[in-house]
Amino acid sequence: MQNLTVNDAVDFYRLNLDPDVLKYTGDVPFQTVDGARRFLKQYEQYEKYGVGRLAVIDKETDAFIGWCGLKYSPDIDEYDIGFRFFKDVWNKGYATETAGRCLEFGFSDLNIEEIVGRAMTENKASIQVLEKIGMTFKQQFDFNGQKGVIYRMTKREYDKISATTDK
């Protein structure tokens, strides 16, 4: 994984064009590649908070296959994990693997106290990823007018899980 840059604009644009990819996000597609480029140029998560969505690159083909990462929302003082991948790599474990690494980075390197994951209730695949990486259901919420769920994990829970898997 690596920071998203303006060089990822074409892939970022293409990823958001697929209605199935955006189905449960509440996002709208970029109108143009330049729109994606402007978004990436103004993306400040790395500089401001030391986290951000990261480009996921296939090691064998060197192709951009999606993104995963943490995002900080200062207005609610919360870190959330998110991921989005091209359909041709769904169900291959990329979301689970990269999301797990992002949790590890957040808890072990940054000492974040809690990370949440949000999903629309209908988005069973994303909920399954959140559960596979050890997050637990916290509450329901309104996700842009749809029923949503919030999953969470604390640093303490992560440390406890890590201690048992490291042995």
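Begin by selecting F12, F30, F39, Y43 and Y46, which ring pairs link into a cluster; rings of Phe, Tyr and Trp (its six-membered ring) pair if their centres lie within 6.5 Å, and planes under 30 degrees apart count as stacked, over 60 as edge-to-face and the rest as tilted. By this rule the count comes to 12 aromatic pairs. The model is a predicted one, in which local features need pLDDT of at least 70 and side-chain atom pairs count only at pLDDT 80 or more, whereas totals for chains, interfaces and linings use all residues. Residues are numbered from 1 along each chain as its sequence is written, and side-chain values use heavy atoms, with hydrogens and water left out.

F12 is buried at 6% relative accessible area, and F30 counts as buried at 18%, where buried means under 20% relative accessible area, exposed over 50% and partly exposed in between (1.4 Å probe, protein chains only).

Next, select F39 and Y43, whose ring centres are 5.8 Å apart with planes at 35°, so this pair is tilted. F39 is partly exposed at 37%, while Y43 is buried at 15%.

Then move to helix α5 (residues 94-109) and colour its buried residues, A95, T98, A99, C102, L103, G106 and F107. They cover an arc of only 160° around the axis, which puts them on the same side of α5; the arc is that of the directions from the helix axis to the C-beta atoms. On the other side of α5, E97 and D109 are exposed. Just after the helix, N111 takes a positive phi of about 55°.

Finally, display the largest nonpolar core, which has 28 residues, those with the most contacts inside it being I81, F83, F85, L103, I115 and M135; such a core is a set of buried Ala, Val, Leu, Ile, Met, Phe, Trp, Tyr and Cys residues joined through side-chain atoms within 4.5 Å. Its largest share, 5 residues, comes from α5. Apart from this core lies another, of 16 residues, among them Y43, Y46, W67 and F86.

Conventions. Helix = DSSP H or I, 4+ residues; strand = E, 2+ residues; numbered from the N terminus.
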